[in-house]
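Here are my notes on this model, in numbered points. Please read them with the structure open.

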Amino acid sequence: MRVIIEESAEEVGRRAARILARQVREKPDSVLGLATGHTPLGVYRELIRMHTEEGLDFSQITTFNLDEYVGLEPTHPQSYRFFMQRHLFEHLNAHPSRIHVPDGRALDFASFCRRYEERIRMAGGIDIQLLGIGRDGHMAFNEPGSSLGSRTRLKTLASETIRDNARYFGTEDRVPRLAVTMGVGTILEARQCLLLANGPHKAEAIQRTIEGPVTSQVTASALQLHRDVIIILDEEAASRLERVAYYRDVERAQSLLESGGLRALGIGPGTGNG
Ligand code: PGA
């Protein structure tokens, strides 16, 4: 896992947007897995800026969102479909027929969920999956105890998540109790996973995700099994990590490698290691 620590939440958003933008430039018909919540907002703002100011073209992308509340109309201001329209899709030139957000009003969820997985497969699989994390360590709505092999399905929200999300609904009793969500197994099939976290309230979940055991009690810890994960944190979300100095060393080496500065790492002719 590559752990990148940025100075601020704004920098976290910009860094993640640069990774997504590079993906879209290199492969214009990329399949992007997208997330809702407060955390990805900075990423979406930056992608919109790149589209309007720099002409970054999204016309060929396909997107799949992680999850949706059960029972909310797509026009409900707290539905994830509404969130995505408002904060991203209506500002980009992505084709509506290639945008997918789970349907929280499906009558037959079992077959809807099977079809959602099938659509991801038919699109060629997800190239980069953007992820946030809950205070209880969930990714998407895979609450503690979710099978690490789980697929898209209905999930009951944990009381901690209901409390956290009540800020959007006004009161806890208005928060839907069920969601349809990609499973941990679905997420692990993305070619690359990009998990973001900001703020001190995420610090413990982040420490357990990166440095704790792989456990269904912290479903984001399953990312330790994935071959290509980038985790971008602000200083506060990184504040409980025990090996921060090492992650910073790795990051320095990585950016030198990317900028061709091998000599600075002692590699190459005349350095004794070459
Ligand atoms: P947040 O939610 O980005 O609003 O903090 C993240 C999550 O619960 O997955």
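**Notes on the fold and selected residues**

1. The axes of helix α1 (residues 9–26) and helix α2 (residues 41–54) come within 8 Å and cross at roughly 50°. Axes here are lines fitted to C-alpha atoms, for helices over the stretch in contact, and angles run from 0 to 180 degrees between N-to-C directions. Helices (H or I, at least four residues) and strands (E, at least two) are DSSP runs, numbered from the N terminus. The two helices are therefore oblique to each other. Angles under 35 degrees count as roughly parallel, over 145 as roughly antiparallel, 65 to 115 as roughly perpendicular and the rest as oblique. α1 passes α2 in a right-handed crossing. Right-handed means that the near helix is turned clockwise from the far one by less than a right angle, left-handed that it is turned anticlockwise.

2. A word on the source. This is a predicted model: local features need pLDDT of at least 70, side-chain atom pairs count only at pLDDT 80 or more, and totals for chains, interfaces and linings use all residues. Residues are numbered from 1 along each chain as its sequence is written, and side-chain values use heavy atoms, with hydrogens and water left out.

3. Which residues of α1 and α2 meet? From α1 come Gly 13, Arg 14, Ala 16, Ala 17, Arg 18, Leu 20, Ala 21 and Arg 25. They meet Gly 42, Val 43, Glu 46, Leu 47, Met 50 and Glu 54 in α2. Contact means heavy atoms within 4.5 Å. By class, this contact has seven nonpolar, two polar and five charged residues. Ala, Val, Leu, Ile, Met, Phe, Trp, Tyr, Cys and Pro count as nonpolar, Asp, Glu, Lys and Arg as charged, and the others, Gly among them, as polar.

4. Next, α2 and helix α3 (residues 80–87). Their axes come within 10 Å and cross at roughly 40°. Leu 41, Tyr 44 and Ile 48 of α2 make the contact with Phe 83, Met 84 and His 87 of α3. This contact has five nonpolar residues, one polar and no charged ones.

5. Ser 79 sits in the loop between β4 (67–69) and α3. Its relative accessible area is 0%, so Ser 79 is buried. Buried means under 20% relative accessible area, exposed over 50%, partly exposed in between (1.4 Å probe, protein chains only). Leaving out residues up to four places away in sequence, Ser 79 touches Glu 68, Leu 72, Glu 73 and Pro 74.

6. The loop between β6 (128–131) and β7 (153–156) holds Ala 140. Check its backbone: phi of Ala 140 is near 50°, a positive value in a residue other than glycine. Most residues other than glycine have a negative phi. Ala 140 counts as buried, at 10% relative accessibility.

7. His 138 is found in the loop between β6 and β7. Is His 138 buried or exposed? It is buried, with a relative accessible area of 12%. Beyond four places in sequence, His 138 touches Gly 132, Ile 133, Glu 143, Thr 161 and Thr 219.

8. Gln 207 lies in helix α7 (residues 203–211). Gln 207 is buried, at 16% relative accessible area. Sequence neighbours up to four places away aside, Gln 207 touches Gly 212, Arg 240, Leu 241 and Glu 242.

9. Overall, the chain has eight helices and ten strands. Of its 274 residues, 53% count as buried.
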